[in-house]
Amino acid sequence: MNRIGILALQGNFALHKSRLEELGAETLLVKSAEDLSEVAGIIIPGGESTTLLRLMDSELREALVERISGGLTTLATCAGLILLAKRVHGPSQESLELIDVEVTRNAYGRQVDSFVDGQLHWSSTGRALLAQYELEEYEKYASTIFEGVFIRAPRITGVGENIEVLVERGDEPVFVRQGNILGLSFHPELSDESSGIHQLFIAIVRSNTENA
Amino acid sequence: MSSQHLQLKVGLAEMLKGGVIMDVINAEQAQIAEESGAVAVMALERVPADIRREGGVARMANIEVIQEIMKAVTIPVMAKVRIGHFVEAQILQELGVDFIDESEVLTPADESFHVDKFAFQVPFVCGACNLGEALRRISEGAAMIRSKGEAGTGNVVEAVRHLRSIGSEIRRIAQLSPQELVTTAKELGASLELVKYIAEEGKLPVPLFSAGGVATPADAALMMQLGAETVFVGSGIFKSEDPAARARAIVKSVTHYQKPEVLLEVSRELKRAMDGLEISSLKPEERLQERGW
């Protein structure tokens, strides 16, 4: 079982799907607990977090909590990160509380304040992770300056002890990791793949499946 | 207009996919919409059914109404401007709305020109009855295209026609040889560059949403099965007898549009939908989709 799921209740799931497929991964759009049982990794995409919460039935919600806390490799972007965060502000909102970060919704402002930051790069922790999973083009990703597309993005305003910061913007984390969960406030699927984020995610899923 | 701007505009449209965008006229309705799972709301002074009934010149909504709605919810807020009324658009951008709908539901302000949407930071959605119209709007900078179904009628027949027409024209172009594309671009009144994109990719370069006439969960799922990526619901929710339940049902029907068992379940409990209008009973000047070109 090597399929990667993309939570497809609402939001930008289609672009993640085509990105994964271009990179040779098998995918499945996940809308139910049953779908979730068939995947070896999951992407929780951007969209509207209030909508995602409303559309998640209790069965799917419990299955997500159980599998992600049980080690399912997870990539959560933007609204997906809000959904998994331990604490959500601006205004406060319930969440699955799976990753020990505090986020503030729409913290950069409304759509007119959305932006592209063309100066992101991996932190030393991020580069170590790329090296650990022996990405083919490790050298290229490790040294690259890549862009992050921030759309009505949440801000990561606090991180717990077990959080590793993989990418920072100024002194603010925008890409973090807690064990099996990767959380980003920007949208790698809206840029070209110069950062290697989807490649890294696929490599982690494959490595975990092989070791299982 | 940088490519970064376009990336951000189309990016927001991408985030709204697989959702329902609801027309609301006050903070209370906006909250019901948000709680029901709407991905965005369209802030209006009157829903299309009332605009149609009351007649007169329909303009951009009162600023206070829009602002009240922006304060009431955290999801994106859209608002409408008249076709060609770029100053209404400047005002809405200044106010900070998240998306502007250059809409045939309002009385057009310009009989020849649509707004130059590249001049704005805020993304625009525009209506289209066919592929040529969609591509002309994209050439002007629209970040999202929607069908131009007859708003305020509770009748989906026109939105169905538009989505079918756009879909079949795209499929036809995908079969053409390069030399045929130039003539096709001329016939469509669209740029060759965009026609080439359609031929190569088999889809529009921006998301395609449905709007106009959706009144039931079945209508919404129909639009999704016909290729819409999100559904606008105008008068259909707050002109029905059970707005909150209907809003939730339509949201669920869009997510599970391919599952008849879910569609049955969400349709079962609903009360009466909004009253509908037969399109052929409308006088030509009452057909809103004829506005714009």
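A contact is defined here as a pair of heavy atoms within 4.5 Å. The structure is a predicted model, in which local features need pLDDT of at least 70 and side-chain atom pairs count only at pLDDT 80 or more, while totals for chains, interfaces and linings use all residues; side-chain values use heavy atoms, with hydrogens and water left out. Residues are numbered from 1 along each chain as its sequence is written, and chains are lettered from A and ligands numbered from 1 in the order in which they are written.

In chain B, 65% of the contacts between residues at least 6 apart in sequence join residues at least 24 apart. Chain B contains 13 helices and eight strands (DSSP runs numbered from the N terminus, with helices being H or I of at least four residues and strands E of at least two). The radius of gyration of chain B is 18 Å, close to the 19 Å that the globule rule gives for 293 residues, so chain B is as compact as a globular protein of that length. This radius is taken over C-alpha atoms, and the globule rule is 2.2 Å times the number of residues to the power 0.38. Along the principal axes, the C-alpha atoms fill a box of roughly 55 × 45 × 40 Å. Of the 293 residues in chain B, 60% are buried, where buried means under 20% relative accessible area, exposed over 50%, and partly exposed in between (1.4 Å probe, protein chains only).

Helix 8 of chain B (residues 178-188) has the buried residues B:Leu181, B:Thr184, B:Ala185 and B:Leu188. These residues cover an arc of only 105° around the axis, which puts them on the same side of the helix; the arc is that of the directions from the helix axis to the C-beta atoms. The buried residues of helix 8 pack against helix 6 (131-139), helix 7 (157-174) and helix 9 (192-201) of chain B. On the face turned away from the buried side are the exposed residues B:Gln179, B:Lys186 and B:Glu187. Helix 8 is followed by B:Gly189, whose phi is positive, near 65°.

Chain A has eight helices and twelve strands. Its radius of gyration is 16 Å, close to the 17 Å given by the globule rule for 212 residues, so chain A is as compact as a globular protein of that length. The C-alpha trace of chain A spans about 45 × 40 × 30 Å along its principal axes, and 59% of the 212 residues count as buried. Among contacts in chain A between residues at least 6 apart in sequence, 69% join residues at least 24 apart.

Two loop residues of chain A were examined individually. A:Pro154 lies in the loop between strand 8 (146-150) and strand 9 (155-159) and, at 0% relative accessibility, counts as buried. When residues up to four places away in sequence are not counted, A:Pro154 touches A:Cys78, A:Ile82, A:Val103, A:Thr104, A:Arg105, A:Asn106, A:Tyr108 and A:Ser185. The C-alpha atoms of A:Pro154 and A:Phe186 are separated by 8.5 Å, although these residues are 32 residues apart along the chain.

A:Glu48 is placed in the loop between strand 3 (41-44) and helix 3 (49-55) of chain A. With a relative accessibility of 5%, A:Glu48 also counts as buried. Residues up to four places away in sequence again being left out, A:Glu48 touches A:Gln10, A:Ala79 and A:Arg152, together with B:Met15, B:Val39, B:Ile75 and B:Pro76 of chain B.
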